[in-house]
Amino acid sequence: NVTRAAEMFEKNQSYKQAADLFIQVGNYERAAVNFERAVNHFLAGKLYFEINRLPKAMELLQKVSFDDHDFYDATDMITRILAQNGYPELAMRKLLTVIGDAPVSEKNVRLYARLGDLYVALGQRESARKTYNDVLGFDFQFSDVAARLTALDAAPEEPVAVVTGTPLPA
């Protein structure tokens, strides 16, 4: 019985082995707890993200260090949490800080695509267009960025009030 084996590993403080087995049986909550106990912030945070325990996911994903090979994936999830919870500007600032002045690369291309999406959500169409083109210049086949750019170009411009920056009523 895999569940029983996972419980035995957990009882013996072999948390990584317990987490791996809990994943096998689909008990992602227990797997996340055990990855957290094993001090694997990324895998614990990712599992909490997938089971929609977003505050806990955010807490753990923020502990992933810059030199960790999962840092960019952690940043992607953090910015998704921020944007989904009404903080797209903060998500954008996080991406801009992490990306810095680095060109699009294999490790940050997903962050650039997310940045483009945030620019669209915030009504910054030219920045979105430039960012999407940067992604396409690096990898024309990346995700559905070409379709996102086409949709952006096809969408009508929203009139914006110059003084307040808010959309004008139709």
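At 39% relative accessibility, aspartate 144 counts as partly exposed. This holds for a predicted model. The side chain of aspartate 144 meets that of arginine 148 in a salt bridge, with an N to O distance of 2.7 Å. In total, the structure holds 14 salt bridges.

Two further pairs can be set beside this one. In helix 2 (residues 15–24), aspartate 20 and lysine 16 lie 4 residues apart, about one turn of the helix. Their side chains form a salt bridge at 2.6 Å, N to O. Aspartate 20 is partly exposed, its relative accessible area being 29%. Lysine 16 is also partly exposed, with a value of 46%.

Arginine 53 and glutamate 29 form another salt bridge, in which the closest N and O atoms are 2.4 Å apart. This pair links distant parts of the chain, 24 residues apart: arginine 53 is in the loop between helix 4 (41–50) and helix 5 (54–61), while glutamate 29 belongs to helix 3 (residues 28–37). Arginine 53 has a relative accessibility of 34% and counts as partly exposed. Glutamate 29 is likewise partly exposed, at 34%.

| Salt bridge | N to O distance |
|---|---|
| Aspartate 144 and arginine 148 | 2.7 Å |
| Aspartate 20 and lysine 16 | 2.6 Å |
| Arginine 53 and glutamate 29 | 2.4 Å |

Salt bridges also join residues into a network, whose members are Glu10, Arg30 and Arg37.

Is arginine 129 buried or exposed? Arginine 129 counts as buried, because its relative accessibility of 17% falls under the 20% limit. Arginine 129 is placed in helix 9 (residues 125–138). With neighbours within four places in sequence left aside, arginine 129 is in contact with Leu149, Leu152 and Asp153.

For leucine 61, contacts beyond the neighbours within four places in sequence are with Phe42, Gly45, Lys46, Ala74, Met77, Ile78 and Ile81.

Key:
Residues are numbered from 1 along each chain as its sequence is written. This is a predicted model: local features need pLDDT of at least 70, side-chain atom pairs count only at pLDDT 80 or more; totals for chains, interfaces and linings use all residues. Side-chain values use heavy atoms; hydrogens and water are left out. Contact means heavy atoms within 4.5 Å. A salt bridge is a side-chain nitrogen of Lys or Arg within 4 Å of a carboxyl oxygen of Asp or Glu. Helices (H or I, at least four residues) and strands (E, at least two) are DSSP runs, numbered from the N terminus. Buried means under 20% relative accessible area, exposed over 50%, partly exposed in between (1.4 Å probe, protein chains only).
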